Amino acid sequence: MLPTNSSEKLVSFATPISYKFECSVLNAVVKLYSLRLHNFDIIGMIFFDNISKQYNHHTAALRNVTLRIQPKEFISVVGSSGAGKTTLLKLLIREEEPSEGKIFLDGFEVTAVHRRDLHHVRRRIGTIFQDYKLLPDRTAYENVAFAMEAAGRRDEEIHEDVPQVFELVGLTDRMESFPHQLSGGEQQRVAIARALVNRPDVILADEPTGNLDPVNTWEIIKLLQKINELGTIVILASHNKEVINTIDKRVVVLDRGMVVSDQERGKYLL
Ligand code: ADP
């Protein structure tokens, strides 16, 4: 389901739309290759290079954060409310700009991408939120199809891929339901289907179980684990200690914007 080699990814990155666009993509690809030749194995698939984020004079949301995330990793970013988890995720999709530092995705400098080319970066990252963010007046199917339309995918691809992704999240029989006809757990599955349908390299999940009961919480976590096993990086931001400690994967602890712990198969002990 996911592109497996980097040349495939480069081809999809370089879809020509206009001459100007081709030039900017070409520059980015050249830059990507030169970076790759020297650094890729060292910097990882995602690299937060000494990132600081100051929203205003009083709030340092992130301070000198350096993180390398390798392909296929499942990483939990934990910390109490206000620790900087959401800010970290927003920086990766350029919803916010860092005050200092650089961010790389697959050797490509996210923080240097021109605004008009940002959709190339965002297409490689699927996002899931605590409150699902589904369009209320569209069916589950339409919510997912809309994400493909927005990415410029053809009707035939949409008809083929949407049912497949609903099968993956176990909701084939609810595709025609509207969000208000679905439980919270089901709505979050639709949101996961939407995040997955454009075959991202990375899933960002920001407190995805924050509104769910324990049973649905585990269902969603199991689904994220399955997606990760299929090869997608998952970055889970959460303050749910029980969930994090059961996942038994890498845990990065943020405290007032700083990484205070980063452990393989870690625990959330704060
Ligand atoms: P978390 O996700 O861990 O709860 P956030 O990244 O949301 O933490 O917030 C980190 C800090 O940045 C907090 O002190 C928060 O109040 C502040 N912050 C977040 N977003 C903004 C914003 N848009 N403007 C000003 N301060 C913000």
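How many residues lie between β1 and β2 in the hairpin that they form? There are five. Before I go further, a word on conventions. Residues are numbered from 1 along each chain as its sequence is written. This is a predicted model, in which local features need pLDDT of at least 70, side-chain atom pairs count only at pLDDT 80 or more, and totals for chains, interfaces and linings use all residues. Helices (H or I, at least four residues) and strands (E, at least two) are DSSP runs, numbered from the N terminus, and two strands pair if DSSP finds at least two bridges between them.

Strand β1, residues 46-54, runs antiparallel to strand β2, residues 60-69, and six bridges join them. Within this pairing, K53 has L62 of β2 as its bridge partner. β1 also runs antiparallel to strand β4, residues 100-105, through five bridges. There, F48 is partnered with I103 of β4.

I turn now to the open sheet. Six strands make it up, in the order β6-β7-β8-β3-β9-β10, and the pairing is mixed. The edges are held by β6 (125-129) and β10 (258-263); each has a single partner strand, so one side of each is left without a neighbour in the sheet. From one strand to the next, the twist averages 15°; for such values, axes are lines fitted to C-alpha atoms, for helices over the stretch in contact, and angles run from 0 to 180 degrees between N-to-C directions. β6 pairs with β7, residues 202-206, in the parallel sense over five bridges, and F129 has D206 of β7 as its bridge partner. Helix α8, residues 214-229, packs on this sheet and touches β3 (74-78), β7 and β8 (233-238). The direction of α8 makes about 155° with that of β8. Contact here means that the C-beta atoms of two residues, placed from the backbone, lie within 7 Å.

Next, the helix pairs. The axes of α5 (residues 140-150) and α7 (residues 184-196) come within 8 Å and cross at roughly 25°. That makes α5 roughly parallel to α7, where angles under 35 degrees count as roughly parallel, over 145 as roughly antiparallel, 65 to 115 as roughly perpendicular and the rest as oblique. On the α5 side the contact is made by A140, N143, V144 and A147, and on the α7 side by V190, A193 and R194. By class, this contact has five nonpolar, one polar and one charged residues; Ala, Val, Leu, Ile, Met, Phe, Trp, Tyr, Cys and Pro count as nonpolar, Asp, Glu, Lys and Arg as charged, and the others, Gly among them, as polar.

How does α5 meet α6, and at what angle do the axes cross? The axes of α5 and α6, residues 155-168, come within 10 Å and cross at roughly 130°, which makes α5 oblique to α6. From α5, the residues Y141, V144, A145, M148 and E149 take part, and from α6, E157, I158, D161, V162 and V165. These divide into seven nonpolar, no polar and three charged.

Finally, the ligand. Around the ligand are Y55, N56, T59, A61, G79, S81, G82, A83, G84, K85, T86 and T87, each with its C-beta atom, placed from the backbone, within 6 Å of it. Helix α3, residues 85-92, gives the most to this shell, with three residues. By class, the shell has three nonpolar, eight polar and one charged residues.
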